[in-house]
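Please look over the chain shown here before reading on. The report below works from the whole model down to single residues.

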Amino acid sequence: MKKKLVVLSGAGISAESGIKTFRDADGLWEGHDVMEVASPQGWYKNAAHYILSELEKHFDVHIITQNVDDLHERAGSSKILHLHGELLKARSITQKDYIIDWKKDLVLGDVDTNGIQLRPHIVWFGEDVPAIEEAIEIIEEAHILVVIGTSLQVYPAAGLMHYAKNHIPVYYIDPKPATIYDLPNPLEVLALSASEGMEKLKRLLVNG
């Protein structure tokens, strides 16, 4: 049986693909170059997503992401939980389980099959995170935990690593890693970009 490798990913893993984080000084609020995001060149900049997909050959990989993009899916990962929703989906404002693919602008007047207004399938500021309990259950069963590209400032997601069993190893990948307090686990910090960190981690995990 494969070991369960759980990955908690944040905006930093997508940043290399040209998708800026909200917390950068020139983040998403300032706009972005479409050619950096929606082009083959932009896509291939970030190897980290592909490496996570490749690790499924060796581990039972579960990705818990704070990101609303679909880069993990496009790279081929098969078990992905989006904590904060998905940008390319919409849902009914009254039926939370009515979720559909949506790849164009969403405006007032766009309705579900019952005539009920649709909204983005996104967890807005101030809303609960419905998937948090499922995320906790996944992390509680992890044999290895990887935290990558997150500022560890956004709760409740930032507290998820503390649900891991005390004895399992935790790997934290970030070029500017935050300080992690009160974590009883063996912790290895890789102060590298997402792609560089995942390349190194793959070697550590697969080759020993």
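## Overall make-up

This is a predicted model. The protein chain has 208 residues, and 45% of them count as buried. Its secondary structure comes to 7 helices and 9 strands.

Take the contacts in the chain with a separation of 6 or more: 56% of them join residues 24 or more positions apart. The accessible surface is about 11500 Å². Carbon and sulfur atoms hold 53% of that surface.

## Confidence

The mean pLDDT of the protein chain is 85. A value of 70 or more is reached by 86% of the residues.

Where pLDDT is low, the predicted coordinates should not be read in detail.

## The second largest pocket

Rolling a probe the size of a water molecule over the atoms shows where empty space is left. The second largest pocket has a volume of about 340 Å³. Its lining is made up of 18 residues. Nearest its centre lie Arg91, His121, Val123, Pro130 and Ala131.

Which strands each supply at least two residues of the lining? They are strand E3 (80-82), strand E4 (85-92) and strand E6 (118-122). By class, the lining has 8 charged, 7 nonpolar and 3 polar residues.

## Ile139, a buried helix residue

Ile139 lies in helix H6 (residues 132-140). Is this residue buried or exposed? Ile139 has a relative accessible area of 0%, so it is buried.

Leaving aside neighbours within four places in sequence, Ile139 is in contact with Val6, Ile64, Leu160, Tyr163 and Ala164.

## Partly exposed positions

Val68 sits in the loop between E2 and helix H5 (71-75). Its relative accessibility is 26%, so it counts as partly exposed. Beyond four places in sequence, Val68 is in contact with His82, His84, Gly85, Glu86, Leu87 and Ile122. Val68 and Lys89 are 21 residues apart in sequence, with 9.7 Å between their C-alpha atoms.

Lys165 is placed in the loop between strand E7 (144-148) and E8. Lys165 counts as partly exposed because its relative accessibility is 38%. Not counting residues up to four places away in sequence, Lys165 touches Glu140, Glu141 and Asn185. Lys165 and Ile144 are 21 residues apart in sequence and 9.5 Å apart, C-alpha to C-alpha.

Ala11 belongs to helix H1 (residues 11-15). At 31% relative accessibility, Ala11 also counts as partly exposed. How far apart in space are Ala11 and Asn67, C-alpha to C-alpha? The distance is 6.0 Å, although 56 residues separate Ala11 and Asn67 in sequence.

## Asp182, a positive phi

Most residues other than glycine have a negative phi, and most peptide bonds are trans. Asp182 has a positive phi of about 55°, although it is not a glycine.

Where is Asp182 found? It is in the loop between strand E8 (170-173) and strand E9 (187-190). Is Asp182 buried or exposed? Its relative accessibility is 73%, so Asp182 counts as exposed.

Definitions and conventions. Residues are numbered from 1 along each chain as its sequence is written. This is a predicted model: local features need pLDDT of at least 70, side-chain atom pairs count only at pLDDT 80 or more; totals for chains, interfaces and linings use all residues. Side-chain values use heavy atoms; hydrogens and water are left out. Helices (H or I, at least four residues) and strands (E, at least two) are DSSP runs, numbered from the N terminus. Buried means under 20% relative accessible area, exposed over 50%, partly exposed in between (1.4 Å probe, protein chains only). Contact means heavy atoms within 4.5 Å. Accessible areas come from the Shrake-Rupley method with a 1.4 Å probe; for residues, only the protein chains shown count as cover. On a 1 Å grid over the protein atoms alone, a cavity is a set of points where a 1.4 Å probe fits but cannot get out, and a pocket is an open set with protein on both sides within 12 Å along at least five of seven lines; lining residues have an atom within 4 Å of a point. Grid points are joined across faces, edges and corners, and a volume is the space filled by probe spheres set on the points. Ala, Val, Leu, Ile, Met, Phe, Trp, Tyr, Cys and Pro count as nonpolar, Asp, Glu, Lys and Arg as charged, and the others, Gly among them, as polar. pLDDT is the predictor's confidence in each residue, from 0 to 100.
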